[in-house]
Amino acid sequence: MGDNTIYRASTTAPVNIAVIKYWGKRDAKLNLPTNSSLSVTLSQDDLRTHTTASCSSTFSGPDTLLLNGSPQDVSGARTQACFKALRGLRAELETANPSLPKLSTYPLRIVSSNNFPTAAGLASSASGFAALVRAIANLYELHSSPTALSQIARQGSGSACRSLFGGYVAWDQGSAADGSDSLAREVAPASHWPEMRALVLVVSAAKKGVSSTTGMQTTVATSALFRARAEDVVPKRMAEMERAIAERDFDAFARLTMRDSNNFHAVCLDTEPPIFYLNDVSRAAIRLVECINAAAGKAVAAYTFDAGPNAVIYFLEQNAGLVAGTFKTFLGHLDGWQTELGNKLAGQAGVAADALEQK
Ligand code: DP6
């Protein structure tokens with residue numbers, strides 16, 4: 001009798017937003033970065049990918065992936081690298097225990113959905129690959145640690161390795177040629193700084209113009225500023241950021257976050273041809289944060305932008321009224337805010353003030 005069972009496992013993975021940005025690869029095949037990075041994992045209630053992975057001997061044809069109902073190409077090297085690594089670990093278990101079903105040989109059916117706009121600079125590849133890797137690891141009953149899974153997810157998308165942890169997460173660049181020490185690690189759990197909030201302002205839900213992968217490759221090849229960022233600026237900031245988080249020093253956390261976002265976008269502008277991710281609404285958000293902080297006499301809000309115009313504003317719960325309220329008053333009526341999703345996300349984040357992932 002053949003095994004007709006359909007094996008299935010589901011999981012969710014949250015979005016993370018870097019406060020010290022990853023930008024540049026020293027090895028494009030293994031997805032090894034030119035600098036370490038550090039991020040904050042957001043609440044799964046607001047921004048997350050849900051993924052179900054199934055496999056069965058009764059499935060035929062190649063592996064498939066549906067994202068928000070649309071078939072995706074899984075033949076790319078990154079997705080294949082994740083599948084291969086996970087199948088390899090499962091095959092080891094099957095060799096050690098021959099009575100286990102041979103799931104590693106069955107076609108995979110993956111179904112994923114995001115509750116936020118895909119590829120709008122909202123780190124969809126981060127939660128996407130983190131959920132994909134964890135769903136298959138669960139399906140294969142691998143019991144791998146988040147650190148071990150981070151090494152696999154990194155090959156799908158660099159920032160995905162950080163979405164395997166909640167709270168404050170570093171991705172150490174590592175130095176090994178095979179990437180075995182380029183791993184994510186928890187700097188502090190979300191409970192360490194429970195007052196931290198993130199407001200996500202969807203300036204545009206449109207797909208971004210220059211993908212992170214293409215953009216960072218062009219930066220590495222052409223920008224003169226880039227070397228200083230990777231070699232001098234970021235290593236110092238990583239240490240300062242870890243200290244700011246350990247001491248719950250919001251003023252330092254905010255200043256480092258804003259300076260690193262600006263340094264990253266300066267490097268983008270220094271790329272040939274230049275890459276523009278920020279738009280007029282993004283710049284209005286920057287000026288508004290500068291005004292709020294100037295009036296408060298210290299940093300009570302911090303902006304950061306990834307590879308797109310959408311702003312993420314960090315602040316502490318006790319300043320929620322001031323920060324979220326000021327944004328609503330001054331930017332709530334702008335055209336860029338009028339998309340249905342923009343209202344939904346900005347509204348959710350503003351009202352619920354996006355509690356961080358509690359783990
Ligand atoms: C600006 O992780 O999307 O969001 O490894 O090529 O998939 P690939 O890049 P990706 O880049 C993220 C860049 C960033 C900064 C960050 O998240 O650290």
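**Sheets, helices and ligand shell of a predicted model**

Leu 67 stands opposite Ser 70 in strand S8. The structure is a predicted model, in which local features need pLDDT of at least 70 and side-chain atom pairs count only at pLDDT 80 or more, while totals for chains, interfaces and linings use all residues. Residues are numbered from 1 along each chain as its sequence is written.

The protein has 9 helices and 14 strands; these are DSSP runs numbered from the N terminus, with helices (H or I) of at least four residues and strands (E) of at least two. Of its 359 residues, 48% count as buried. A residue is buried if 20 or more other C-beta atoms lie within 10 Å of its own, exposed if 12 or fewer do, and partly exposed in between, with C-beta atoms placed from the backbone. Among the contacts with a separation of 6 or more, 75% are between residues 24 or more positions apart; two residues are in contact if their C-beta atoms, placed from the backbone, lie within 7 Å.

S7 and S8 (residues 70-72) run antiparallel and are joined by 3 bridges; strands count as paired if DSSP finds at least two bridges between them. The hairpin of S7 and S8 has 2 residues between the strands, and Asn 68 takes a positive phi near 50° there. With strand S9 (residues 108-114), S7 pairs in the parallel sense over 4 bridges. Leu 65 stands opposite Ile 110 of S9, Leu 66 opposite Val 111, and Leu 67 opposite Ser 112.

These strands belong to an open sheet of 5 strands with mixed pairing, in the order S1-S6-S9-S7-S8. Its edge strands, each pairing on one side only, are S1 (7-14) and S8. Neighbouring strands of this sheet are turned by 20° against each other on average, direction ignored; angles run from 0 to 180 degrees between N-to-C directions, and axes are lines fitted to C-alpha atoms, for helices over the stretch in contact. Helix H2 packs on the sheet and touches S1, S6 (48-55) and S9, its direction making about 150° with that of S1.

S9 also pairs with S6, in the antiparallel sense and over 7 bridges. In this pairing Ala 53 has Ile 110 of S9 as its bridge partner.

A second open sheet is formed by 4 strands in the order S2-S5-S10-S11, with antiparallel pairing. S2 (16-20) and S11 (184-188) are the edge strands, each pairing on one side only. From one strand to the next, the twist averages 35°. S10 (residues 168-171) and S11 run antiparallel and are joined by 4 bridges; Ala 170 has Arg 185 of S11 as its bridge partner.

Helix H3 is largely enclosed by the rest of the structure, because 9 of its 11 residues are buried. The buried residues are Pro 146, Leu 149, Ser 150, Gln 151, Ile 152, Ala 153, Arg 154, Gln 155 and Gly 156. They pack against H1, H2 (124-139) and S11. Helix H1 (residues 77-96) and H3 (residues 146-156) pack at an angle of about 155°, with their axes 7 Å apart. H1 and H3 are therefore roughly antiparallel to each other; angles under 35 degrees count as roughly parallel, over 145 as roughly antiparallel, 65 to 115 as roughly perpendicular and the rest as oblique. H1 contributes Arg 78, Thr 79, Ala 81, Cys 82, Ala 85 and Leu 86 to the contact, and H3 contributes Ile 152, Gln 155 and Gly 156. These residues divide into 5 nonpolar, 3 polar and 1 charged; Ala, Val, Leu, Ile, Met, Phe, Trp, Tyr, Cys and Pro count as nonpolar, Asp, Glu, Lys and Arg as charged, and the others, Gly among them, as polar.

The ligand is surrounded by 15 residues, of which the closest are Ala 18, Tyr 22, Ser 157, Gly 158 and Ser 159; a residue is near a molecule if its C-beta atom, placed from the backbone, lies within 6 Å of it. The shell around the ligand divides into 5 nonpolar, 8 polar and 2 charged residues.

Arg 255 is placed in helix H6 (residues 250-269). Arg 255 counts as partly exposed because it has 17 C-beta neighbours inside 10 Å. Its C-alpha atom is separated by 9.6 Å from that of Lys 298, which is 43 residues apart from Arg 255 along the chain.
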